Amino acid sequence: MSDNCKTCDGKISGRHNIRCAICSGVSHLNCIKPSIPPEMLKFPGFMYKCSSCSDGRPGDKTSDNYLPKLMDTLSTLNSKIDNLQADVNVVKNQQKSVTESLTFYGNKIDDFSKQITDFETKLKIIPKLESNLTSVSSSLNTLQVEMNQIQQQARLNNLEINGIPETSNENLITSVNQILNVLGLTSSTYNTCFRVPHFDSKNKNPRSVIVKMHSQADKDNVIAAVKKRKGVKLNEIGFSNTNPIFLNDHLTPTNKLLYKKNSRILQKFGSCMLDQRL
Ligand SMILES: [Zn+2]
Ligand SMILES: [Zn+2]
């Protein structure tokens, strides 16, 4: 094996030389024409064939094989690029999908923010509504009081009788006349009488009888007479038992509740406060 360059016959030293795969002759890299690109030297499987060995020996494992291998490599690279391009397309599609999702949820957040703003606006109205409600409630209470007064005013002449048993063929006028008679009063002091439904529908007692007297004085006379006589009993108006008959002012439901409440307080504290007419 020669230590000299096959081309210039100069001495071979260092790394910048190459050995022919056929004749094993060594040449300076700088002496080879055309020169070999540095990339080709790094290519796996590359073999150099000197100019002397290039003639008539096609197909050797020399630089002649470089082009097909390069083409194979390019083909492989193209295939990889195609795969990469496909991957990039997938990523792009995913990115598009993500962008669409972000836009969708962004719109949702905008809608939600708007709803919260609307809600906050409505919340600010609540104190005013509360104030209005208090005012309306106060007015309603006043109206209820006034209504109760008007209703009670309309009942001033009325007498309410409880405890008269209900019968299928009852004659209320006879019963009322008998009561007035027992009390020493005349039947000409009232206009009419009738039963009224119970305020509480579960009440199974006989329904109350309302007697419309000619005047408040006529009604007061009846109640005064009842007190003086200490009551009237059923057997005094033709019934067989001695249960008491109750005669009172005809109170509105509201005043009846107030009267019951007052009565309970009076019983509880044993006071003889007032015989108050409501
Ligand atoms: Zn040389
Ligand atoms: Zn050679």
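The following legends describe views of a predicted model.

**Figure 1. Overall dimensions of the predicted protein.** The protein contains five helices and seven strands. Along the sequence, these elements follow the order β-β-α-α-β-α-β-β-α-β-β-α. Taken along the principal axes, the C-alpha atoms occupy a box of roughly 170 × 40 × 35 Å. The radius of gyration is 61 Å, whereas a compact globule of 278 residues would have one near 19 Å. Buried residues make up 10% of the 278 residues. Of the contacts between residues at least 6 apart in sequence, 54% link residues at least 24 apart.

**Figure 2. Domain division and the separation of domains 1 and 2.** Domain 1 covers residues 17–61, domain 2 covers 71–153 and domain 3 covers 155–269. A distance of 74 Å separates the C-alpha centres of domain 1 and domain 2.

**Figure 3. Helix α2 around Q115.** Helix α2 runs over residues 66–154 and includes Q115. Q115 counts as exposed because it has 10 C-beta neighbours inside 10 Å, and the cut-off for an exposed residue is 12 or fewer. Between the C-alpha atoms of Q115 and C50 the distance is 84 Å, with the two residues 65 positions apart along the chain.

**Figure 4. Pairing of strand β7 with β3 and β6.** Strand β7 comprises residues 244–249 and runs antiparallel to strand β3, residues 158–162, with four bridges joining the two. In this pairing, E160 is placed opposite N248 of β7. Strand β7 also pairs with strand β6, residues 232–233, in the antiparallel sense through two bridges. Here V232 is the residue opposite I245 of β7.

**Figure 5. The buried side of helix α3.** Helix α3 spans residues 172–182, and its residues S175, V176, I179 and L180 are buried. These residues lie on the same side of α3 because they cover an arc of only 135° around the axis. Strands β6 and β7 are themselves antiparallel partners. Just after the helix, G184 has a positive phi of about 80°.

**Figure 6. K230, a non-glycine residue with positive phi.** K230 belongs to the loop between helix α4 (216–229) and strand β6. Its phi is positive, at about 60°, although K230 is not a glycine. K230 is exposed because 7 C-beta neighbours lie inside 10 Å, where 12 or fewer is the cut-off for that class. Strand β6, on one side of this loop, is made up of residues 232–233.

**Figure 7. D9, in the segment before strand β1.** D9 is located in the segment before β1, a strand covering residues 17–19. The phi of D9 is near 65°, a positive value in a residue other than glycine. D9 has 9 C-beta neighbours inside 10 Å and therefore counts as exposed.

Terms used. Residues are numbered from 1 along each chain as its sequence is written. Chains are lettered from A and ligands numbered from 1 in the order in which they are written. This is a predicted model: local features need pLDDT of at least 70, side-chain atom pairs count only at pLDDT 80 or more; totals for chains, interfaces and linings use all residues. Two strands pair if DSSP finds at least two bridges between them. A residue is buried if 20 or more other C-beta atoms lie within 10 Å of its own, exposed if 12 or fewer, and partly exposed in between; C-beta atoms are placed from the backbone. Domain bounds come from an automatic or database domain assignment. The arc is that of the directions from the helix axis to the C-beta atoms. The radius of gyration is taken over C-alpha atoms; the globule rule is 2.2 Å times the number of residues to the power 0.38. Two residues are in contact if their C-beta atoms, placed from the backbone, lie within 7 Å.
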